[in-house]
Amino acid sequence: MLRDDLITPATGVIVGIGSKGPEQDICCRLGTSTISPGTTLLLTTIVTSASINEIVTLNKEMSMRISTGRWVSGNDFFDRENELTILSKLVRDGNHVLVTGQRRMGKTSVIQELGQRLEAQGWNFFFTDAEAATCEEDVIADVAQAAQRIASSKSHHFSKVGSWFLDCIEEVSVYRVRAKLRAGLTTGNWRRHGKELLLACAAQDKPSLLVIDELPIFLKRMLRESGESESKQRVETFLSWLRQALQSINSRSLVVIVSGSIGLQPLVWRLGISDRINYLHPFRVGPWDRDTSIQCFHRLAETCQLQVEDGVAAAVYDKLGIGIPHHVQSFFARLYEYTMLGRDRVTVEDVDLVYQNSLLGPPGQMDLRHYESRLEDGLGDDYTIAVEILAAAALEDVFTPSSRRHLEKLFNDAPGRIAEVIDILVHDGYLTEGADGYRYLSHLLKDWWAARFRGHYIPLENRRPNSEQ
Ligand SMILES: Nc1ncnc2c1ncn2[C@@H]1O[C@H](COP(=O)(O)OP(=O)(O)O)[C@@H](O)[C@H]1O
Ligand SMILES: [Mg+2]
């Protein structure tokens, strides 16, 4: 709670800010990190019961920005209180977690928000993204770079990590420090250095949360880039190393969250090494429900002072068919741009128009192409099978058992490969299984794939196997 003397009793307006304590946390979380001790912070918000969360919530109501790019946090972060409560409990109880969920569902945002909230409560928070990593050493270098924030050459915990790390942490340039850290890692030493690093992170006087985002993309890349048995061995070695290192550490001192849009579970099942990740508690970030999506739309409309006719937010949700936060934000952004062309308000008819011309048109397609390349990255050779399934489900409404039998005639080792691809498409949130086959969850993805193939799609039953694939 805030100190009472910082709140005007009659109105509850916050009038001051102390030099340390919870008020400073509020400063950080309100984005006023430049505040110095003794500065007076005047908020116009009336606060009657001033817990940190309430104030942050009130502030969020005031200024949420449109965001269609990277992850969001702070004022731009909407809802997800249930997810944050569950994740926070899991992490505080010392569970390592595997966060999954379809692309653009808001996984990174939830994790970043969690990390920032924990940091405000005395935790260390390290975030790394393994998407660009090409080998194990890259991942360890990323973790080291994140840990560098809390390390100092005087810390005896980090002195155990050795000169590889200590020589680098005094480096002032971010770019050079990464290069230096990476240069000291080899195929022979990454395990040892990596483990020492995790031990040092765990030995701090504060508990630490380490996030390795998009780890499955890195593992998939390894699988694709080396020969079959070598690549399986490398994935197995990496996951075994992580499990062993974490099991040798008190999980109340260091908790790890691994996350990614491409399913880690289907990947380890396929390799027959599910036990390497069974210590991770799975947590799925799902879509917003209808009400939450509508509320988010209204919040954006309020803060952007966009006039919207009754029923617009509901029409947006119904058009999308599912509350993927990024799609809600993108739809809002496109409607906002549309009103810039001299309109004073958005009507329900505009929703349809903007969906057709903008979301499904060239601007939206760029975004959706990203989905395609992610899928291609994740599936390798089986991508062509996924394209067939997604095209059939888009243009025929459903991918039926009969289409599946026809598809089996077109590929080598088809039944197993098709089953795996379907697992991944379901796991990654593209399709859902119904009584008559597999259908899209998102109208936007369905319409996009339909637009892409319409005109040159040949139904599967009319195809002849032409070459071995
Ligand atoms: N809680 C949220 N509040 C508002 N927008 C969100 C939220 N979560 C996600 N978004 C939207 O989705 C986009 C992608 O979020 P991100 O966290 O990067 O998703 P993921 O990691 O699942 O791919 C953001 O740029 C933003 O537009
Ligand atoms: Mg992400």
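Reader: Hi! How many bridges join E1 to strand E5, and which way do they run?

Author: Hello! In this predicted model, 4 bridges join E1 to strand E5 (residues 281-284), and the two run parallel. Thr 100 has Arg 284 as its bridge partner in E5.

Reader: Nice. What about E1 and E4?

Author: E1 and E4 also run parallel, joined by 4 bridges. There, Leu 98 has Val 258 as its bridge partner in E4.

Reader: And are the faces of strand E1 covered or open?

Author: Both are covered. Val 97 and Val 99 are buried on one side of the strand, and Leu 98 and Thr 100 are buried on the other.

Reader: Switching to the ligand: where does ligand 1 lie relative to the domains?

Author: Ligand 1 lies between domain 2 (80-284) and domain 3 (290-359), because both give residues to the shell around it.

Reader: Which residues come nearest to it?

Author: Gly 106, Thr 108, Ser 109, Pro 325 and His 326 do, out of 22 residues around ligand 1. Helix H4 (107-120) and helix H15 (325-339) are the elements that give two or more residues to that shell.

Reader: What's the shell like by class?

Author: The shell around ligand 1 has 10 polar, 6 nonpolar and 6 charged residues.

Reader: What is Leu 210 in contact with, leaving aside neighbours within four places in sequence?

Author: Phe 126, Val 143, Cys 201, Leu 254 and Val 256.

Reader: And helix H10, how many of its residues are buried?

Author: In H10 (residues 215-225), 8 of the 11 residues are buried, so the helix is mostly covered. The buried ones are Leu 215, Pro 216, Ile 217, Phe 218, Leu 219, Lys 220, Arg 221 and Met 222.

Reader: What covers them?

Author: The cover includes helices H5 (136-147), H11 (228-247), H12 (264-271) and H17 (362-379), along with strands E3 (208-213) and E4 (254-260).

Reader: Last one: why does Tyr 438 count as buried?

Author: Because Tyr 438 has 22 C-beta neighbours inside 10 Å, and 20 or more is the cut-off for buried. Tyr 438 lies in strand E7 (residues 437-440).

Reader: Which residues is Tyr 438 in contact with, beyond its neighbours within four places in sequence?

Author: Ala 393, Val 398, Phe 399, Ile 422, Leu 431, Thr 432 and Glu 433. Val 398 is 40 residues away along the chain, with 5.5 Å between its C-alpha atom and that of Tyr 438.

Methods:
Residues are numbered from 1 along each chain as its sequence is written. Chains are lettered from A and ligands numbered from 1 in the order in which they are written. This is a predicted model: local features need pLDDT of at least 70, side-chain atom pairs count only at pLDDT 80 or more; totals for chains, interfaces and linings use all residues. A residue is buried if 20 or more other C-beta atoms lie within 10 Å of its own, exposed if 12 or fewer, and partly exposed in between; C-beta atoms are placed from the backbone. Two residues are in contact if their C-beta atoms, placed from the backbone, lie within 7 Å. A residue is near a molecule or strand if its C-beta atom, placed from the backbone, lies within 6 Å of it. Ala, Val, Leu, Ile, Met, Phe, Trp, Tyr, Cys and Pro count as nonpolar, Asp, Glu, Lys and Arg as charged, and the others, Gly among them, as polar. Domain bounds come from an automatic or database domain assignment. Two strands pair if DSSP finds at least two bridges between them.
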